[in-house]
Amino acid sequence: MSGILTLNPLSPQAAAISHLFVDILGVLGGIFLIVLVMVGYAIVRYRDRPGAAPPRQVFGSRKIEIVWTVIPIILLSIIFGFTVRSMHASDPPITPGTTPDLRVVAHQWWWEADYLKSGVIAANEIHIPVGQRWLLELDSADVIHDFWVAELARKIDMVPGHPNHIWLEADRPGTYLGVCAEFCGNEHAWMRFRVIAESAADFDRWQRAQLQVPPKPSGSEAAAGLKLFEQNTCVNCHTILGTPGNQSIGPDLTHFASRTTLAAGAADNTNANLYRWLKDPNSIKPDTHMPNFQFDDADAKALTAYLETLK
Ligand code: CUA
């Protein structure tokens, strides 16, 4: 983040809102200056001087009434025009029938990202090509959530059964923090995601990698972990391509190890944190829907080894 975000917008949508701020500030600054000059003039011109008579008293003036009714109407019309222009620039109408590029589904308490054109399904990290305006469809699997990426000035409610749409774009490559901005239960604060804007080539590379079915793990510990994943009820909630797991109740784990955080941003995605998460999810994210399977140390280690192979 460089300087004051309002004056350094990082997306065309943020720029539209920034322009509105600056334009209205200009109008208000002009009014402030005029008032300042008039007050200054009155203070000097009508100040109390020894022997001076009180100024002429005036009661009622149709001319002034008209002026101070007409001027605000003109100013508000200008501000209304600025506002409509910015609304149109930041959220232009969507042509009916346009297929969204990405469908984001909020869950208590994580984010599912379905790339409708390529078939990639990811979680908690949203990759987009830089400089391209993407249409997002936003839905919820349970309660009302709110999609908010402050730096890109994008925010909209996610209402179960009533998909909303929003444009998402970033001018520069980078990672932009996203949060849930509608209280949705105990782990609302740990419902984070990242928007990763990258060059078209990097994005294509990422997308191709995400479509790969992960190879069977070669090490014996990781192989034991895969077996544990398939034998436990992990498969009833999580998807990993190439395994029986194909549900989206919990995050898709096919390329889990390619992500920077686990549990929707509650911890960095490190070996130690993953092990701790598998041993006792509540120690990292209290009230998470991920159950505590009471894995013994060897099983938790094997599962950690397996999940770490899912690059
Ligand atoms: Cu989801 Cu707050």
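Leaving aside neighbours within four places in sequence, which residues is Thr-243 in contact with? Leu-226, Phe-229, Glu-230 and Tyr-306, where contact means heavy atoms within 4.5 Å.

Quick housekeeping before I go on. This is a predicted model, so bear in mind that local features need pLDDT of at least 70 and side-chain atom pairs count only at pLDDT 80 or more, while totals for chains, interfaces and linings use all residues. Residues are numbered from 1 along each chain as its sequence is written, and side-chain values use heavy atoms, with hydrogens and water left out.

Okay, back to Thr-243. You'll find Thr-243 in the loop between α4 (220-231) and β11 (261-262); helices (H or I, at least four residues) and strands (E, at least two) are DSSP runs, numbered from the N terminus. Thr-243 is buried, at a relative accessible area of 15%. For the cut-offs, buried is under 20% relative accessible area, exposed is over 50%, and partly exposed is in between, with a 1.4 Å probe and protein chains only. The Thr-243 side chain reaches the backbone oxygen of Ile-240 at 2.7 Å, and also the backbone nitrogen of Gly-245 at 3.0 Å. Those are polar contacts, meaning N or O atoms within 3.5 Å; within protein, one must be able to donate a hydrogen and the other to accept it, and residues adjacent in sequence count only if both atoms are side-chain atoms.

Next up, Lys-285, in the loop between α6 (281-284) and α7 (297-308). Lys-285 is buried yet has no salt bridge. Where's the nearest side chain of opposite charge? That's Glu-187, 5.3 Å away. A salt bridge here needs a side-chain nitrogen of Lys or Arg within 4 Å of a carboxyl oxygen of Asp or Glu. On charges, Lys and Arg count as positive and Asp and Glu as negative, with His and the chain ends not counted. What the Lys-285 side chain does reach is the backbone oxygen of Trp-190, at 2.9 Å. Not counting residues up to four places away in sequence, Lys-285 touches Trp-109, Glu-187, Trp-190, Ala-263, Ala-264, Ala-266 and Trp-277.

Trp-109 sits in the loop between β1 and β2, and a cis peptide bond joins Gln-108 to Trp-109, with omega about -5 degrees. Ala-264 has a positive phi of about 55 degrees although it is not a glycine. Ala-264 lies in the loop between β11 and β12 (267-268), and at 0% relative accessibility Ala-264 counts as buried. Ala-153 also has a positive phi of about 55 degrees. Ala-153 is in the loop between β6 (145-149) and β7 (154-158), and counts as partly exposed at 22%.

Gln-294 and Asp-280 are 14 residues apart in sequence and 7.6 Å apart in space, C-alpha to C-alpha.

Now the salt bridges themselves. How many does the structure hold? There are 8. One joins the side chains of Asp-101 and Lys-117 at 2.9 Å, N to O. That pair links distant parts of the chain, 16 residues apart: Asp-101 in the loop between α2 (62-90) and β1 (102-107), Lys-117 in the loop between β2 (110-115) and β3 (121-123). Asp-101 is buried at 14%, whereas Lys-117 is exposed at 58%.

Another pairs Asp-139 with Arg-103, closest N and O atoms 3.7 Å apart. Asp-139 lies in strand β5 (residues 134-140) and Arg-103 in strand β1, so the pair ties together parts 36 residues apart in sequence. Asp-139 is buried at 9%, and Arg-103 is partly exposed at 23%.

For a local one, take Asp-202 and Arg-205, at 2.8 Å. Both lie in helix α3 (residues 200-211), 3 residues apart, about one turn of the helix.

Last, the nonpolar cores: sets of buried Ala, Val, Leu, Ile, Met, Phe, Trp, Tyr and Cys residues joined through side-chain atoms within 4.5 Å. The largest has 31 residues, and Trp-111, Tyr-115, Ile-126, Leu-136, Phe-147 and Val-195 touch the most other members. Apart from that one lies another core, of 25 residues, among them Ala-263, Ile-284, Met-290 and Leu-303.
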